[in-house]
Amino acid sequence: LRYAQHDGFMPDTSPWLDFTTPISDQMVHWPDNAPVHIRLTRSMAWKDAANVTELSMSAHTATHVDAARHFLADGPDVTALDLTTLIGPARVVHIEHPEFVTREELEPLPTTPGDRLLFRTRNSNREWAREPFNEKFVRVRADAAEWLRERGIGCVGVDYLSVGPADTHRILLEAGISIIEGLRLQAAAA
């Protein structure tokens, strides 16, 4: 995900901030998903003609987008995702609650339909991608997901491997809200 800072029109020279989490060997992964393995299988240093790397991981690794099919049995897969929901200005929202993104904390936010909101929580107070899985990550509660749906938000991004439990996913995905998980927001100012 890249976030542009601009005042309307976005020329090709606009500065971009890259909030993607780099993929690395043995990085954190969802406990019941495949672990991340990256290994060199061919190397020019070994007198091979080319360098070749083998990569094995779940699609639910590092920064990724959830397709509707992830939680909706008849939902479209990622090829049907409207990419315009992922491109453009976004607002980084600093979340104070230590456990959840809540409706109460979101209600004061001025929003317009289609807005992109990236939630920076206490998850971003550490380099979570290099640590063991933390089951106590800050997640979006269902009441907040309902508020996001009511406001017509276009995209929600979170700073850990999941936006939250199944009900949160379903509320957002049924409303057509794009979900970006695994953002690296440590350096992102609100």
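**Arg39 and the terms behind the model**

Colleague: Arg39 has a relative accessible area of 49%. Why is Arg39 called partly exposed?

Modeller: Buried means under 20% relative accessible area and exposed means over 50%, with partly exposed in between (1.4 Å probe, protein chains only). Arg39, at 49%, therefore counts as partly exposed. This is a predicted model, in which local features need pLDDT of at least 70 and side-chain atom pairs pLDDT 80 or more, while totals for chains, interfaces and linings use all residues. Numbering starts at 1 along each chain as its sequence is written, and side-chain values use heavy atoms, without hydrogens and water.

Colleague: What makes Arg39 and Glu54 a salt bridge?

Modeller: A salt bridge needs a side-chain nitrogen of Lys or Arg within 4 Å of a carboxyl oxygen of Asp or Glu. In Arg39 and Glu54, the closest N and O atoms are 3.0 Å apart, so the pair qualifies. Arg39 sits in strand 3 (residues 37-42) and Glu54 in strand 4 (residues 52-56), so the pair ties together parts that are 15 residues apart in sequence. Glu54 has a relative accessible area of 39%, so Glu54 is partly exposed.

Colleague: Why do Arg42 and Asp48 count as a salt bridge?

Modeller: Their N to O distance is 3.7 Å, so the pair falls within the 4 Å limit. Arg42 has 47% relative accessibility and counts as partly exposed. Asp48, at 23%, is also partly exposed.

Colleague: How many salt bridges does the structure hold?

Modeller: The structure holds 7. One of them joins Arg126 and Glu131, with the closest N and O atoms 2.7 Å apart. Glu131 is partly exposed at 30% relative accessibility. Salt bridges that share partners also link Arg103, Glu107 and Glu150 into one network.

Colleague: How are the charges of the chain counted and placed?

Modeller: The chain has 19 positive and 27 negative side chains. Lys and Arg count as positive, Asp and Glu as negative; His and the chain ends are left out. The centres of the two sets lie 4 Å apart, with each charge placed at NZ of Lys, CZ of Arg, CG of Asp or CD of Glu.

Colleague: What counts as a helix or strand, and how many of each does the chain have?

Modeller: Both are DSSP runs, numbered from the N terminus: helices are H or I with at least four residues, strands are E with at least two. The chain has 3 helices and 11 strands.

Colleague: Which residues of helix 2 are buried, and what covers them?

Modeller: In helix 2 (residues 142-151), the buried residues are Ala142, Ala144, Ala145, Trp147 and Leu148. Contact here means heavy atoms within 4.5 Å. The cover includes helix 1 (103-106), strand 8 (116-120) and helix 3 (166-174). Gly152 follows helix 2, and its phi is positive, near 70°.

Colleague: Is Ala73 buried or exposed?

Modeller: Ala73 has a relative accessible area of 77%, over the 50% limit, so Ala73 is exposed. Ala73 lies in the loop between strand 5 (64-66) and strand 6 (91-94).
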